[in-house]
Amino acid sequence: MILAPRNATVRVALLILFCLAVTAWARPLMLPDEGRYVGVAWEMLRSHDWLTPTLDGLPYFHKPPLFYWITAGSMSLFGMNEFAARAAPILGSLVGALSLWCLARRHGGQQRADMALVALLAQPLFLLGGQFANLDSLVAGCITATVALLAHAALCIEQGLPSRRALWGAYAMAAVGVLAKGLIGFVIPGLVVTVWLLLRGRWRVFLRLFSLPGLLIFLVIAGPWFLLMQQRFPDFLYYFFVVQHFKRFAASGFNNVQPFWFYPAVLLGATVFWWPWLRRVFARNYLSDVTERPLRLLMLCWLALPVLFFSLPQSKLLGYVLPALPPLAWLIADGWALANAATRKPWWISAGVAATLSLAVVIGLAVKPPRSERGLGRALAAHLQAGDAVVMLDQYYFDLPFYAHLIEPTAVVDGWDDPALTGKDTWRKEVFDAGSFAPGRAAPLLVKRADLNALLCRAPRTWVVVSRDALARYPEFAQLAQLPATVSKRGVELLAVDRHKLACPVPG
C-alpha cells in the first residue's frame with residue numbers, strides 16, 4: 001500500500017477532516033440535489049430497506065446506493081441534521097485528499113506532498129464539493145484513491161517492488177466507486193492509468209495490472225447489489241446502464257447544457273491565485289527530467305482526461321470536474337517547487353486568499369440559501385398530528401420529508417397523464433420513472449389534478465404544500481385559495497384543509 005507512517009497519516013487525516021467538517025453544519029440543504037439525495041437516504045433509514053433506494057416511496061435507480069448507505073448510517077448515529085447529511089461527501093473528499101498526499105509523499109517527496117495538500121484544501125471547489133450532499137465528491141474520492149493505488153502498483157512493478165496489495169486495493173476502490181456513481185468509478189481511473197502507461201511505452205506493466213484475484217474482489221464488492229436489484233426489478237439493468245449512463249452521456253435534452261470549454265474555464269477560475277506556479281508546469285521542458293517524468297506525466301494525464309471525458313456531453317454539472325482537482329493541486333505544488341528561491345512568492349498568500357474565498361461562500365450560503373424548504377419542513381413537523389396527511393401540489397419538495405421527519409411517502413398532485421411529461425429532464429420525469437418500477441405503489445402517490453378532491457377527502461385533515469401560483473391551476477378548489485396559510489416561506493405555503501369543509505362523498 002502507499003500509506004505513510006501511521007502517526008503522520010492520522011495527523012493528516014484529522015487535518016483534512018477538520019477542514020471539511022468544521023463548517024458543514026452551517027447551511028441548510030440546497031435544492032434540488034442535496035434535498036433529493038438526502039431525502040432518499042432518509043427514506044432508506046425510515047423504511048429499514050437498505051437495498052432499494054426510494055424517492056417518495058418509489059424505486060429510484062438514477063444512482064447506486066453507496067451515498068444513501070453512508071448518509072442513512074450517519075443520520076442514525078448523529079441525528080437528522082445537515083452535518084450528518086453531509087457525511088458522504090466529507091468521507092469521499094477525505095479519502096481523495098489523503099490518497100493524493102500518500103502517493104505524492106511516496107513518489108514525490110514530503111515537501112510536494114504537503115504543498116499539494118495545502119493547494120487542494122484551499123481550493124474553493126474542493127471545500128464546497130466536500131460539503132455538498134450529492135454523489136460527486138464521494139465518487140471523486142474513490143476515483144482518486146483508485147488512480148493513486150493503480151499508479152503506485154505500476155511504479156512498484158517497474159522498480160521490482162511488491163505491488164499485489166496496492167493492486168488489489170485499487171480493484172476494491174474501483175468497485176466502491178461503481179457503488180458510488182456507476183461505471184465512471186472504474187472507467188476514469190482505467191482511462192488515466194492506461195493512457196499514462198502507454199504514453200511511456202510501459203505496455204508490459206499495463207498487462208501486469210490485470211489481476212484475476214483483483215477482478216474477483218471487484219465483483220464480490222460491486223456485483224451483489226446490481227444482481228439483487230435486477231432480480232427484484234426486471235428492467236433495472238437496462239434503465240440503470242443504458243438510460244442513466246449511455247443515453248445521458250450521448251443524448252441531448254438534459255439540463256445544464258454548457259459549451260465544450262466550460263470545465264477548463266472553471267478550473268482556470270478556481271486556481272487563479274495559484275497561476276504564478278501553475279504556469280511553470282506548461283513549460284516546454286517540463287517533462288525533460290527523466291526521474292520526475294513518470295509522476296509529472298501521470299498528473300497531466302489525470303488532469304486532462306477527466307476534463308475531456310466530461311466535456312464531451314452537452315450536459316455539464318460543476319461537480320463532474322472534481323476528479324481533476326487532486327492532480328491540479330499536485331501540479332501547483334510541483335510548480336512551486338520548481339520556482340527559484342529568489343522568485344518563489346509566499347505560498348500562504350495564495351492559500352489564505354483561496355481559503356478565505358471558500359469560507360465567504362459558505363457563510364453567504366448559510367445567511368441566504370438560494371433554495372431550501374427547511375423553515376417550511378420544521379413548521380410542518382411542529383403542526384403534524386397522528387392521522388394527518390400531507391399532499392404536495394405541482395411540485396415535489398425534495399427536502400421537506402427530511403426536515404419534517406415524515407414517516408410516510410406523500411401524495412403529489414400534478415398532470416401525470418400529460419404525454420409530454422417524460423420528454424424533459426425534470427423532477428416530474430424522475431418521480432414518474434420511479435413509479436414505473438412499482439405501479440401499485442405509485443397509484444395512490446402520483447395523483448392527477450382531477451382527483452385532488454377525492455385525495456383531500458381521505459384523511460380528517462390534510463396539509464397541502466403549494467405555491468400560490470400553483471393554486472391558480474385548480475379553479476374548482478377556489479376555497480383553498482381562501483384558506484389562511486399556516487406557514488408561508490419563500491413563496492411556498494402550508495395550508496391545513498379539513499375534510500368536513502369539503503364536498504366529500506358520504507360513505508355508504
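Predicted model: local features only at pLDDT ≥ 70, side-chain atom pairs only at ≥ 80, totals over all residues.
Residues count from 1 along each chain as its sequence is written. Local features need pLDDT of at least 70 and side-chain atom pairs 80 or more, while totals for chains, interfaces and linings use all residues.

Q: At what angle do helix α14 and helix α16 pack?
A: Let's take the two stretches in turn: α14 covers residues 262–270 and α16 covers residues 293–311. Helices here are DSSP runs (H or I, at least four residues), numbered from the N terminus. Axes are lines fitted to C-alpha atoms over the stretch in contact, and angles run from 0 to 180 degrees between N-to-C directions. The axes lie 8 Å apart, at an angle of about 135°.

Q: Is α14 parallel, antiparallel, perpendicular or oblique to α16?
A: Under 35 degrees counts as roughly parallel, over 145 as roughly antiparallel, 65 to 115 as roughly perpendicular, and the rest as oblique. The angle is about 135°. That makes α14, relative to α16, oblique.

Q: Which residues of α16 make the contact with α14?
A: Contact means heavy atoms within 4.5 Å. On the α14 side, Tyr263, Pro264 and Leu267 take part. Their partners on α16 are Leu303, Val307, Phe310 and Ser311.

Q: Which helix gives the most to the lining of the second largest pocket?
A: The most, five residues, comes from α13.

Terms used:
Heavy atoms only, no water.
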